[in-house]
Amino acid sequence: MLKIVKTSIAIATTSLILAGNAQANVGEALQNICTIVKADDKGELRKKMKRVQSDFSLRIKDYYSGVSCGGNSLIRTAMLNNAVETGTLIVKKMPKSDLSAPEKDGKTVSAWAAENGLADSPIAAVLKDRI
């Protein structure tokens with residue numbers, strides 16, 4: 001009985017250590033995603049998203065809300081930098097329900113774009129078509 005308890009504790013401890021390392025590695029893997037979006041490098045963004053999905057089993061919807069580029073989400077960053085290719089890719093990869101949900105500041109991407117004079121951007125048009 002004591003052997004089972006010791007084994008269970010060892011497994012639980014190992015799991016916690018590995019989970020902590022996985023979270024740190026996801027952060028490292030996503031470290032330059034803002035730069036990629038700003039540079040409008042669709043190929044590099046696609047590779048980054050594929051790498052995160054294969055290494056950590058995460059899709060963009062899983063980490064989108066946790067990534068902030070100077071206080072803005074990835075789609076907002078793409079709009080501000082006129083990064084049409086990367087912005088369009090992100091909009092197409094996100095679930096429709098997440099696109100119409102309010103972000104951290106309580107505003108949807110569409111409402112934020114209208115307030116900031118970006119409602120006529122190509123990314124906003126793709127966003128409207130998806131919603």
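This is a predicted model: local features need pLDDT of at least 70, side-chain atom pairs count only at pLDDT 80 or more; totals for chains, interfaces and linings use all residues.
Residues are numbered from 1 along each chain as its sequence is written, and side-chain values use heavy atoms, leaving out hydrogens and water. Local features need pLDDT of at least 70 and side-chain atom pairs 80 or more, while totals for chains, interfaces and linings use all residues.

Helices here are DSSP runs of H or I with at least four residues, numbered from the N terminus. Helix H3 (residues 42–56) packs with helix H6 (residues 84–93) at an angle of about 35 degrees, and their axes are 9 Å apart; axes are lines fitted to C-alpha atoms over the stretch in contact, with angles from 0 to 180 degrees between N-to-C directions. On the H3 side, the contact (heavy atoms within 4.5 Å) is made by Lys42, Leu45, Arg46 and Met49, and H6 brings in Glu85, Thr86, Leu89, Ile90 and Lys93.

Then there is helix H9 (residues 122–130), with Ile123, Ala124 and Leu127 buried, that is, under 20% relative accessible area with a 1.4 Å probe and protein chains only, whereas exposed means over 50% and partly exposed lies in between. Seen down the axis of H9, its buried residues fall within an arc of 100 degrees, so they line one face of the helix; the arc is that of the directions from the helix axis to the C-beta atoms. Lys128 and Asp129 sit exposed on the other side of H9. The buried residues of H9 pack against H5, H6, helix H7 (96–99) and helix H8 (109–115).

As for asparagine 72, this residue is in the loop between helix H4 (60–63) and helix H5 (74–80). Asparagine 72 counts as buried because its relative accessibility is 18%.

Methods:
Helices (H or I, at least four residues) and strands (E, at least two) are DSSP runs, numbered from the N terminus.
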